[in-house]
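Take a look at the chain below.

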Amino acid sequence: MLCPKSGYLQHVDHGALVAAARVTDTLIVLRFRSGQFVLRGEPLAAIVPAEKLATLEAAIDRGVHIGRHRTLTQDSEFGIAQVVEIAIRALSPAVNDTFTGVACVDWLADALLTLAERPPLEGNWYDSESRLRVWMRPCG
């Protein structure tokens, strides 16, 4: 399935995609993860078996949200990048705001702690019968 428009992959409704794949007895392979930029016409998803693509296109279109900007919903890398950018600007010779730089380091430490405490995301989503229904490349 080709991406209908250019933009950032903002959100994937994994539950809805798993449900749609279960009904059609397929596997949906997402080629991008939240936060990545997708060009119009680029392959967004593949279906296994491929002949069932037509039955899943609408479900994928509803379950994968492409937008103009990155969001924090499923894109923790974006939040960390934003705080790092603030810190770099605060510590630049033109601004030299050490208080803001130190505050950014504190919040980055908290974000890293939060990420370290949650289980790693493997990119596999299964249905109630433990059959793999949605796969996407894990972060990292």
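The chain carries 14 positive and 16 negative side chains. The centres of these two sets lie 7 Å apart. Keep in mind that this is a predicted model.

Now the fold. Four helices and seven strands make up the secondary structure. Along the sequence they run β-α-β-β-β-α-β-α-α-β-β. The radius of gyration is 19 Å, well over the 14 Å that the globule rule gives for 140 residues, so the chain is more spread out than a compact globule. Its C-alpha atoms fill a box of roughly 60 × 35 × 20 Å along the principal axes.

What share of the residues is buried? Of the 140 residues, 33% are. Among contacts with a separation of 6 or more, 67% join residues 24 or more positions apart. The accessible surface is about 8800 Å², and carbon and sulfur atoms account for 60% of that surface.

Turn to helix α1, residues 14-24. Its buried residues are His14, Leu17, Val18, Ala20, Ala21 and Thr24. They span an arc of only 165° around the axis, so they sit on the same side of α1.

Which elements does the buried side meet? The buried residues of α1 pack against the strands β1 (7-12), β2 (27-30), β5 (64-67), β6 (124-126) and β7 (132-136), and against helix α2 (53-63). After α1 comes Asp25, with a positive phi near 55°.

Terms used. Residues numbered from 1 in each chain as written. Predicted model: local features only at pLDDT ≥ 70, side-chain atom pairs only at ≥ 80, totals over all residues. Heavy atoms only, no water. Helix = DSSP H or I, 4+ residues; strand = E, 2+ residues; numbered from the N terminus. Rg over C-alpha atoms; globule rule 2.2 N^0.38 Å. Buried < 20%, exposed > 50% of the residue type's maximum accessible area, 1.4 Å probe, protein only. Contact = heavy atoms within 4.5 Å. Areas by Shrake-Rupley, 256 points an atom, 1.4 Å probe, with all protein chains shown as cover. Lys, Arg positive; Asp, Glu negative; His and termini not counted. Charge placed at Lys NZ, Arg CZ, Asp CG, Glu CD. Arc of directions from axis to C-beta.
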